[in-house]
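I opened this notebook to record what I looked up in the structure.

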Amino acid sequence: MSVYQLKSRFQNILRPLVRSLAARGVTANQVTTVAAAVSVALGLFLSVALPHWFLLVPIWFLLRMGLNAIDGMLAREHGQMSILGAYLNEIGDVVSDVALYLPFALIDPNGLLPAMAVIFLSVLAEFTGVLGQTVGASRRYDGPLGKSDRAVLFGALGIFVAVGGTFAAWTSWLWAVVALLLIWTIINRISAGIREAHTAAR
């Protein structure tokens, strides 16, 4: 089970807004670029900001989830799909995730390494998902810790930090669990991609 599986319901809510944006000439690539730019700017700001500003993390993750759904719907449902858009979508998501996760590594008294390992595995999980398309499968979004699930996790951590919570020795155990879930996600995406490619080749 993954938060990603709720995507279709989220899209149904946003569909009237998407139609309005398309009518106004807003493009999927514009939405993708804005989402990535704001994510990077917020990540840089949080790297030097006081802890209470981490409350912006869950707020922005929710808004970004909406923007990600909007750009995809603009592309698919309003004839805006493009090769450039595919690149912008995948690169923008990874860059945004790294920018938003990094401030948590900077406030960890256990050092950068545990959180950086999670960031690396998060990037690898998305890379593995994209690789499905190169072997005859679809873009894989298998969990248990896909992009949407990580948004919930880091959003919760943002609230925790904003209300005065502090990272300590327990944080290393948290990162270890997250790392294991990401490894599980990577394995699931590889396995599912192989099965799908074999089925498609029959």
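Entry 1, helix H2. I worked on a predicted model. I first asked what covers the buried residues of H2. The cover includes H3 and H4. I then listed the buried positions of H2: Ala 28, Val 31, Thr 32, Ala 35, Ala 36, Ser 39, Leu 42, Gly 43 and Leu 46. Viewed down the helix axis, these buried residues of H2 fall within an arc of 130°, so they line one face of the helix.

Entry 2, cavities. I searched the whole structure and found two cavities of 30 Å³ or more. The second largest cavity holds about 40 Å³ of space. Helix H2 (28-46), helix H3 (56-77) and helix H4 (83-106) are the elements that each give two or more residues to its lining. I recorded the lining residues as Thr 32, Ala 35, Ala 36, Arg 64, Asn 68, Asp 71, Gly 92, Asp 93 and Ser 96. By class, I noted two nonpolar, four polar and three charged residues in this lining.

I looked up H7 (residues 170-201), whose 32 residues reach 47 Å from first to last C-alpha, close to the 46 Å expected at 1.5 Å a residue. Its buried residues include Trp 175, Leu 182, Ile 186 and Arg 189. I found that the buried residues of H7 pack against H4, helix H5 (113-131) and helix H6 (147-162).

Methods:
Residues are numbered from 1 along each chain as its sequence is written. This is a predicted model: local features need pLDDT of at least 70, side-chain atom pairs count only at pLDDT 80 or more; totals for chains, interfaces and linings use all residues. Side-chain values use heavy atoms; hydrogens and water are left out. On a 1 Å grid over the protein atoms alone, a cavity is a set of points where a 1.4 Å probe fits but cannot get out, and a pocket is an open set with protein on both sides within 12 Å along at least five of seven lines; lining residues have an atom within 4 Å of a point. Grid points are joined across faces, edges and corners, and a volume is the space filled by probe spheres set on the points. Helices (H or I, at least four residues) and strands (E, at least two) are DSSP runs, numbered from the N terminus. Ala, Val, Leu, Ile, Met, Phe, Trp, Tyr, Cys and Pro count as nonpolar, Asp, Glu, Lys and Arg as charged, and the others, Gly among them, as polar. Buried means under 20% relative accessible area, exposed over 50%, partly exposed in between (1.4 Å probe, protein chains only). The arc is that of the directions from the helix axis to the C-beta atoms. Contact means heavy atoms within 4.5 Å. The expected span of a helix is 1.5 Å times one less than its number of residues.
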